Amino acid sequence: MWTNSSQLAIELQGTGVYAGLLDIGALIGNSKAEQLVDEHPELFPADLEIIRMTNDELGEHYWRMYTDRDQVEVEVGFPG
């Protein structure tokens, strides 16, 4: 994860401004990347786990970060 986002969050403490980083490791629904993967599955290894996330799911992560403000860096969609 990036230390710059942590440093920025520290510098903004007490100002009422929230800074956070959502690191996305998934194909986002209806994106050009998702379209390309779907149109050309032969370009990817058959055993590659491709996580997909809808726009609503992505929005929920952003909203949770904004409202809770308890995490500076969050990873979503990466294979476990």
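This passage describes the fold, surface and selected residues of a predicted single-chain model.

Residues are numbered from 1 along each chain as its sequence is written. Because the model is predicted, local features require a pLDDT of at least 70 and side-chain atom pairs a pLDDT of 80 or more, while totals for chains, interfaces and linings use all residues, and side-chain values use heavy atoms, with hydrogens and water left out.

The chain contains three helices and four strands, where helices (H or I, at least four residues) and strands (E, at least two) are DSSP runs numbered from the N terminus. Read from the N terminus, the order of elements is α-β-β-α-β-α-β. The radius of gyration is 16 Å, well over the 12 Å that the globule rule gives for 80 residues, so the chain is more spread out than a compact globule. This radius is taken over C-alpha atoms, and the globule rule is 2.2 Å times the number of residues to the power 0.38. Along the principal axes, the C-alpha atoms fill a box of roughly 50 × 25 × 20 Å.

Of the 80 residues, 21% count as buried; the classes are buried (under 20% relative accessible area), exposed (over 50%) and partly exposed (in between), with a 1.4 Å probe and protein chains only. Contacts are defined by heavy atoms within 4.5 Å. Among contacts between residues at least 6 apart in sequence, 74% join residues at least 24 apart. The chain exposes about 6,000 Å², of which carbon and sulfur atoms supply 53%; accessible areas come from the Shrake-Rupley method with a 1.4 Å probe.

The chain carries 4 positive and 15 negative side chains, and the centres of the two sets lie 6 Å apart. Lys and Arg count as positive and Asp and Glu as negative, with His and the chain ends not counted. Each charge is placed at NZ of Lys, CZ of Arg, CG of Asp or CD of Glu.

A search of the whole structure finds one aromatic pair. Trp-63 and Tyr-66 form this pair, which is tilted, at 5.7 Å centre to centre and 40° between the planes. Rings of Phe, Tyr and Trp (its six-membered ring) pair if their centres lie within 6.5 Å; planes under 30 degrees apart count as stacked, over 60 as edge-to-face and the rest as tilted. Both residues lie in helix H3 (residues 55-68), three residues apart, about one turn of the helix. Trp-63 is exposed at 56% relative accessible area, and Tyr-66 is partly exposed at 43%. The C-alpha atoms of Tyr-66 and Ala-33, 33 residues apart along the chain, are separated by 26 Å.

Val-76 lies in strand E4 and is buried, with a relative accessible area of 5%. Not counting residues up to four places away in sequence, Val-76 touches Leu-22, Asp-23, Ile-24, Gly-25, Ala-26, Met-53 and His-61. Val-76 and Leu-36 are 40 residues apart in sequence, with a C-alpha to C-alpha separation of 21 Å.
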